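Hi there,

Here is the structure I promised to pass on.

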Amino acid sequence: MKCCCLLILFHLFALAGIAQNTIGLPRLINYNKNDYLAGTQTWDIKQDSRGIMYFANNEGMLVYDGSHWKIYPLPNKTIVRALAIDNDNRIYAGGQDEIGYFSPAPNGQLIYTSLKDILPKSQNKLADVWKIEIFKGGVFFQASDRILEYRNGSIKVYPTREAWLYLRKVGDQLYAQDKSTGLLRLHNQEWLPAVTSGSLGKVEISGMAKISADSLLITTEYNGLYLLYKDAILTSLPDPEGAFTNKRITTSEQINPTELVAGTTTEGCMVMDFKGHVIQKIARTEGLQNNNVLSVFLDKDRNLWAGLNNGISFIAYNAAIKYIAPNKNNEVSGYSTRIFNRQLYIGTSDGAYSVPLTGSGDLSFSKGEFKRIPESRGEVWRLDEVNRHILMGQHTGCYVIENNTARSLIDGIGTWIFKPVSSVYPVHKILVGTYSGVELLESGGEAFTGKGKLDGIQESLRFLEIDNDNTIWASHPYRGVYRLQLSDDGKSITPQLYTDKDGLPSALGNYVFKIRNRVVFGTTRGVYEYDAASKKFVPSAFLKPVFGTMEIRYLNEDADENIWFCSGKQMGVASFHQTSSDKSSGITWFPELNGKILLGFENIYPYDKQNVFIGSDRGMIHLNYEKYISGKQQVTVLLHQVRASGKQDSVIFGGYQPLQQQSAIRWPRKDNAFHFEYSSPAYGLQNNIEYSYQLEGYDPQWSAWSLKSEKDYTNLPDGRYTFNVKAHDNLGNESAVVSYSFVVSPAWYKTVWAYIIYALLFGGLLYFLQEWQQKKLHLQQRRFDEEQKRLKYIHQLEMEKSEKEIMKLQNEKMASEITYKNNALADASMHLVERNDALVKVKEMLEDIYKKNNKSTEIKNVLSLLNDAEKNDANWEQFAKHFDEINNDFLKKLKARFPTLSNSDLKVCAYLQLKLSTKEIARLMAISVRGVEIRRYRLRKKLNLTTDQSMTDFLNAV
């Protein structure tokens, strides 16, 4: 058995040469405490099923989703040393004197539940918890003085004889190291020895990895590697490269079936195979923040995270892009690259460098040290393979590289480019673009000879191409495009300059290239070609559909007819599909390289699908294009946080559980501002991920794609809303849409109760209006009735008035008639008076005659007749009758009222009523005026009149 083990060990661990790093190093993203705003040290790293990263930090549990950092401190504010995540995404944490777990509340926010309270009182004080493992439904917390098993709401304590040093689940087994009893394995809730042969002694384990079905590889802090075979034989492995000598390995993690990464306190991260050979070292020299690594973790995308003594670093170990630094002590720019005879040559801003290439496939994993080529000085602009030699154009001249040394061909003039006149091997003539025109090289197959400068042009020519008619085209970024005609003797050139007057968009920014065996020109407005018929430059018919009018600064075609290009500070490739059914093209951009290409000196060398070299301001960039486009990483988007803003901000969704909304959450009208944070946990591709969002109910359409991972909405009107967000990468892979629904409640005056009140008020208003209308109607009716009564009354009054008018008229008529009749009576009376007067005069005359004639009998008889006529009352009776008829029985009423009145009294009253004067009355009654007055006096007494009463008024009132 021992012999078998020795043979295995001899086979596995043959000694190798001095350790060398790979030429290509992964991209590093360094996060310091100013980025994540927490403590400096990171002790453990984990990732949940959705891709969110968790870090055990000095100030608590640190969470990162690709865009946002958040810290969750423990209740006692102590250091978090260890983390573990179960299948339900419950995050267990252990720190100083604290154990517990974080779990999402119904609103997605993480809340902490302490498990310390369920510890037995005798075990209530804890030291630091260094490791946490989830094993067969139980959670194991390892402190130095005990291991705690949490299961089904209770905790079991595993004490130690001296100290627990390590805890790790490997495969389907749980291992722990006890300082006194060595390596143990849990079996039926009992810790049993895991090693029957061999011993760790005082060696402390720092990591374990399952390298085969029956073998475990163990890394130790100071004693290198151990092999545990069939859980029985423990053997120390040799250190073939001295990688572990005087180095402390704090942690290790298996990264693939043949490699693991070890974190050290002084050398950063070392990627090694299971034989102990270091494949790659990632330390401060390679860009790590510091060399003291406390934890390492391999995420779902097989990229590495390193928790450092000061900071956190992301190592894109599985990414398709690597970085090549030819000179580790001096940051140089990379201008040109060539692979020749299994050597990689790189022209830089500080000479040319070369390194042997090992292996095949992705050459960035070749191990070696770059060496500077002697005689290469200053900027090396160009490396070209001509006639199976490497020609080098640099600031001081033109050289050929042979046996890793440079031999001068043209000295003293800066050289830009080499352009063979023919494509047939071997090439006999090579045009050389220089700082001041064109030089000519001749080759006999093996040797190169400089033939001097061609006359005719003195411009600096960095871009040269020869078309199918052997016409030489050159471009000058600040002059325009030159058409060069080589003389028959090959000693001079006739130039013709083309500018914007000849169809070019501008005299500036023009570059000449050869694509698909056609000379084309990259301009500020797309790709152009020269049309010989019109002698003008026109947009390229076959490239315009691909590039449109974008600025083109660089073009290069690979063996698969894909066109690599640079536009501004961006780089991409136009991939052409040449199947019979699909001859379309599509552009793939490389946003992670934006701003990293060497602007003004763009250079892309597509050696093959796995090896594309790109000139950069920091060395060279290596792109494994095949891996880049075949990496079908599923793009996901996470809604990290939803926050409502009002008088106080309140988190309504914390993002730590999948969205499973049963119903939309309602928010009051005053909280109508919302903040959304979202991200995609593609940590190595953050520059490639863009987001689009839409708020249904507010945004009419999806937003444009953007790198922005936050969105705010303010002053939203009441209504139902759904926030949708999605993500896509630069390869066109799009995530599913994540949605969050919520309702902004209407203001109190828009609520159901308000509407009920409005309805009641409206009903009340209608009732009030109805009642008011009724009252108004009644009032109007009453007014109408009153008006009718008034009108009737007025009508009656008018009728009465009319009647009165009629009566008045009648009365007036009657009065007129009475007056007339009275006047007639008065006239008659006056006639009577006159007759009486006449009779009196006749009587007096007769009496005189009677006396003179001696009292004649005839005269006496006449006097008797006249006396009888005076005494006759018949005239009075007739007068009284007519007077009463005219004056409404005046005399009768007066007689009835005052029976004592005599006819003479009645005559006086009648005469007074007729408004006769005293004299007229005296004449009518044949008495004196004095007699009339006496009669009036007597009459007043009979009528009972006072002295202040007028007899005329009294008589009018009768």
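Predicted model: local features only at pLDDT ≥ 70, side-chain atom pairs only at ≥ 80, totals over all residues.

**Sheets and hairpins**

A bit of background first: strands of a sheet pair through backbone hydrogen bonds, either parallel or antiparallel. If you zoom in on β55, you'll see four bridges joining it to β56 (residues 611–615), with the two strands running antiparallel. In that pairing, Asp608 sits opposite Asn611 of β56.

There is also an open sheet of four strands, in the order β31-β32-β33-β34, and here too the pairing is antiparallel. Its edge strands are β31 (334–340) and β34 (371–372). Inside this sheet, β32 (residues 343–348) and β33 (residues 351–356) pair over six bridges in the antiparallel sense. To find your way around, look for Ile346, which stands opposite Tyr353 in β33.

Strand β16 (residues 173–178) is joined to β17 (residues 182–187) by four bridges, and the two run antiparallel. Gln177 faces Leu183 of β17, and a hairpin of three residues links β16 to β17. Then β17 pairs with β18 (residues 190–193), again antiparallel and with four bridges. There, His187 is opposite Glu190 in β18. The hairpin of β17 and β18 has two residues between the strands, and Asn188 in it takes a positive phi near 55 degrees.

**Helices around α9**

Two packed helices are described by the angle between their axes and the distance between the axes. With that in mind, have a look at α9 (residues 903–913) and the helices it packs against.

How do α8 and α9 pack? Helix α8 (residues 890–897) meets α9 at an angle of about 135 degrees, and the axes are 11 Å apart. Angles of 65 to 115 degrees count as roughly perpendicular and those over 145 as roughly antiparallel, so α8 and α9 are oblique to each other. The crossing of α8 past α9 is right-handed. On the α8 side the contact uses Phe890, Leu891, Leu894 and Lys895, and on the α9 side Leu906, Cys909, Ala910 and Gln913. Sorted by class, the contact of α8 with α9 has six nonpolar residues, one polar and one charged.

The axes of α9 and α10 (residues 918–925) come within 10 Å and cross at roughly 140 degrees. That angle makes α9 oblique to α10, and the crossing is right-handed. Here Ser904, Val908, Tyr911 and Leu912 of α9 meet Ile921, Leu924 and Met925 of α10. The residues of this contact divide into six nonpolar, one polar and no charged.

Then there is α11 (residues 929–942), which packs with α9 at an angle of about 100 degrees, the axes being 10 Å apart. That makes α9 roughly perpendicular to α11. The contact brings together Ser904, Asp905, Val908, Cys909 and Leu912 from α9 and Arg935, Arg936, Leu939 and Lys942 from α11. By class, you get four nonpolar, one polar and four charged residues in the contact of α9 with α11.

**An aromatic pair**

How many aromatic pairs does the structure hold? There are 59 of them. One to look up is Phe463 with Tyr511, an edge-to-face pair with 5.2 Å centre to centre and 75 degrees between the planes. This pair links distant parts of the chain: Phe463 is in β43 (residues 463–466) and Tyr511 in β47 (residues 511–515), 48 residues apart.

**Two backbone spots to check**

Most residues other than glycine have a negative phi, and most peptide bonds are trans. Two places are worth a look with that in mind. Arg388 is not a glycine, yet it has a positive phi of about 60 degrees; you'll find Arg388 in the loop between β35 (380–386) and β36 (389–394). And Tyr425 and Pro426 are joined by a cis peptide bond, with omega about -10 degrees. Pro426 belongs to the loop between β39 (415–420) and β40 (429–434).

Happy exploring!

Key: Residues numbered from 1 in each chain as written. Heavy atoms only, no water. Pairing = 2+ DSSP bridges. Axes fitted to C-alpha atoms, helices over the stretch in contact; angles between N-to-C directions. Parallel < 35°, antiparallel > 145°, perpendicular 65-115°, else oblique. Left-handed = near helix turned anticlockwise from the far one by under 90°. Contact = heavy atoms within 4.5 Å. Nonpolar A, V, L, I, M, F, W, Y, C, P; charged D, E, K, R; others polar. Phe/Tyr/Trp six-rings, centres within 6.5 Å; stacked < 30°, edge-to-face > 60°.
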